[in-house]
Amino acid sequence: MASTALIRAALPSEPELQSFARAAAQLLIDRQARAPGARTVARRAGVGIQHFDHRDYAPGDEVRHIDWRQTARLRRPIVRRFESESVSDWSLLVDASSSMAVHDAAKARAAVRMAAALAYALLHLGHRVEVLAFGHRVLAHCPRGRGQHHYAEIARLLAALQPPQSGERSELGVCARHVHGAASAFVVSDFLADDEMCRDLGALRQRCTALHAMQVSDGAETRLREVGEFDLVDVETESRLHAVSGEHANASATRKRAAMTDRLQSFCMRSGVAFSDWDVSRPWQATLLGHLLRARSRC
Amino acid sequence: MAGHAARPFAPGAIALLTFAAPLWLAGLALLPAIRWLHRGGPHRREVRVSRLALWADAQANRPAVGERRPPDRAWRRRALLAALLFIALSGPQRSDPRVHITLWIDDSLSMLTREAQSTRLGEGLARARSLLAELPSADVDVRTLAEPWHGLGALDDATVATVLAGAGRHEPAAPPVALLRRDSQHWLLTDGADATLLAWAGGRRPDRVVQVAGVTRNVGLERLSARRHADDPGTFDVLLQVTNGGTADEDRAVVFTAGSLEGTRVDVVGLRAGTSQRVEVSIPASASVRAALQPADALPEDDRIDLDLAPLRRRRIAVDAGCPKALAAAVVAHPALVLARADAGDAEAALDCGTSGAAHDLPTIRVVAQGSASRPRGALKWSSAVPQSRRSELDGDRLRVAAHLLPQAADVVLLAIGDEPVIVRRAGAVSRLDTSFDFAAMAVSRGPELPLLVDWLFETVLDRRLLDAIALVDRGPRSVLVAPLPVVAAPAAPTSAVLPSSSDEAKLLLLIALLVLSWEIAALVRQGLHLRAPATAPNA
């Protein structure tokens, strides 16, 4: 399959992965001294044994983490959250909807490339990593695992990932039940859905320790190369729009895309979601490192 | 009365359109199919986008669900092209509501037969005028069967006078097919006596017949001829053919009148209907002869026949006194020539032997003698200008010449012996022949060459046959027929005439179709260029 071959070829090479893992190692370790001699510890919720705080119970939370005393006091299920240990669980959620397949699947290739690199780096640091490819359902799932052997499985899944050409919508919420409360989630998607997936992001944010949103965008999706009059077809919903191409149309689409990004970014800032917008024309290494750096600095 | 005239349209009626091949109009039913083939459908050029909401401002219109696109506007152009072609193939013709009538008038001799009130022609013309008066919008063109190519226009008094004055003078015939136009009704005024006038080309029949015929009995003089008596140049032999063109046996007497003197009377008894009888008489040579039937009948014009005998007269030849006696004797012996003195004023030709010295403005035969007679060497060579039938059988051994002729560039050598020209036609306004024959020497042999040459020379210089000439008047066997035959008109006359200009309308439509086709080609070329442009243009 041509697209499969394209995606497989999009996986980073081993030297690239190793180089990135070394560069991102310090950003992916939870406890880190801010400066030599100082003992400033960035506290974040995660998988560990040090109590961090409480929050309401959510389906999927481990029962053993329920704080019964607080539950009895507040009359609602309350779970304990623990301070994140240096080794934790990560869920990589990769958008495999049809919108990722347009324009020669440039966004899908970029997402796969970034997910593979992040998974490699996390596994290199000893984290447990699971990968979910989602559309309007979970299309592929590589269960949580650890070690370089697990990366091979993840790489196979990502290489075989082929977003349907049409009809596959983006429903980030379907991944929620796969993410347990102590994990960190990293969503790679174009977020081209109703309300920019903000509702699903909010729900997901409630279920994980940390949430990252990496918006994949492609300049081609706001440019029409064809000239004249034609039907625009939404690859996910198959709905149609009789349109006329032109500079005005391209400029309008660019504005709308920017507005969507702004809305998504505002939501992420309000919700404590680390957000980055990545144009696939830019290198993934710098983008991902920058994102991790910003997320780290916010903690 | 046979046939029915078409009832004409009212004056000022609008010309209608008819079609020569209306089945082609069924092709117009394809126009909805062309419209259907150009219908707008839900399938159009598609561009797949990741999010449709991004392009809300690029919306051209918002067709309802299931609504088709508007049809390609080119369908009108293509439908117009198809319609033009189908209509052109159907042969559109403008029909003229006016009635065009060609009135063919039989002006044969039998139409002068006296009927109850007038001649057949007179009564027929009056009846035709009354019929045409009922058609005030009719466009009438009168033509006679004797002179069909000469249109006489409407049937007014002048036309009637012209027709009456010219009737019986020429032999009529059926109308030429070229004049039997289909956009016109053809009426025929006839007595129906001559069946050949009713046999029209292509099986056509007159649309209406005005037949006037009541008298059925007639005896007429069909043919009169005369020739000079073989033994007596002063007598003419006359042959007359009498024909009974009626339906009953008849008895007549024929009276011949030579010049001003009434001569022989011959009775023709028991002449049966439809048969002829010949009457032979000899009359003294005269300038003319007349034969008349007694008693006359309803058609007096064919009861008398005159024959001009002037062509049979003997030609006076002015003979030079110096001509050999044998030559003058040959002229005297010729039955159509009369010897005259060299200065005779009524001579029709001259024979110049070089001694008269007078210059004649008459056709002249000049006998050239420059020396003693000699026998020419070689074979006789007639000019190709002399027909084979006119070449005399001459014995070269008995021919003698006494001069050497020098023909000029414009002269014609009619006869040569070997390389020696012996008879030369000199160029000039007056016919003149020069001959080098020595007739005196040739007379010694007593052969036929001398009279043969004399006859040949005078026939050539006068340009007419002199021996056994015949004067003739022949009215034809149908001239005396008066009994009417049944004449049937065409079963149905067209209600309107169709102009023969269907090809003009078709050509006009085809020209318009060609323009539309050019328009279509230009539009296709422009569309092709437009479609190629995005592929070559740089991406935005």
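Is the crossing of α1(B) and α2(B) left-handed or right-handed? The crossing of these two helices of chain B is right-handed, where right-handed means that the near helix is turned clockwise from the far one by less than a right angle, and left-handed that it is turned anticlockwise.

## Basis of the model

This is a predicted model, in which local features need pLDDT of at least 70 and side-chain atom pairs count only at pLDDT 80 or more, while totals for chains, interfaces and linings use all residues. Residues are numbered from 1 along each chain as its sequence is written, and chains are lettered from A and ligands numbered from 1 in the order in which they are written.

## Two packed helices in chain B

Helix α1 (residues 30-37) and helix α2 (residues 74-89) of chain B pack at an angle of about 160°, and their axes are 9 Å apart; helices here are DSSP runs of H or I with at least four residues, strands are runs of E with at least two, and both are numbered from the N terminus. The axes are lines fitted to C-alpha atoms over the stretch in contact, with angles from 0 to 180 degrees between N-to-C directions. α1(B) and α2(B) are therefore roughly antiparallel to each other, a term for angles over 145 degrees.

On the α1(B) side, B:L30, B:L31, B:I34 and B:R35 meet B:W75, B:R78, B:A79, B:A82 and B:A83 of α2(B), where contact requires C-beta atoms, placed from the backbone, to lie within 7 Å. The residues of this contact comprise 7 nonpolar, no polar and 2 charged; Ala, Val, Leu, Ile, Met, Phe, Trp, Tyr, Cys and Pro count as nonpolar, Asp, Glu, Lys and Arg as charged, and the others, Gly among them, as polar.

## An enclosed strand in chain B

Strand β7 (residues 185-190) of chain B is largely enclosed by the rest of the structure, because 6 of its 6 residues are buried, that is, each has 20 or more other C-beta atoms within 10 Å of its own C-beta atom, placed from the backbone. In a regular strand the side chains alternate between the two faces of the sheet. In β7(B) both faces are covered, with B:Q185, B:W187 and B:L189 buried on one side and B:H186, B:L188 and B:T190 buried on the other.

Strand β5 (residues 100-105) of chain B runs parallel to β7(B) and is joined to it by 5 bridges, and B:T102 stands opposite B:H186. Strand β8 (residues 208-211) of chain B also pairs with β7(B) in the parallel sense, over 4 bridges, with B:T190 opposite B:Q211; pairing requires at least two DSSP bridges between the strands.

## Where the chains meet

The contact between the chains takes 30 residues from chain A and 21 residues from chain B. Strand β3 (residues 46-49) of chain B gives the most to its side, with 4 residues, and by class that side has 11 nonpolar, 4 polar and 6 charged residues. Strand β8 (residues 229-234) of chain A runs parallel to β3(B), joined by 4 bridges, and A:V233 stands opposite B:R48.

## Chain A and backbone details

Chain A has 8 helices and 10 strands, and 44% of its 299 residues count as buried. A:A105, in helix α4 (residues 102-124) of chain A, has a positive phi of about 55° although it is not a glycine. A:E196, in the loop between β6 (183-189) and α6 (198-207) of chain A, has a phi near 55°.

In chain B, the peptide bond from B:Q294 to B:P295 is cis, with omega near -5°, and B:P295 is placed in the loop between β14 (288-294) and β15 (304-308).

Note on methods. Contact = placed C-beta atoms within 7 Å. Parallel < 35°, antiparallel > 145°, perpendicular 65-115°, else oblique. Buried ≥ 20, exposed ≤ 12 C-beta atoms within 10 Å, placed from the backbone.
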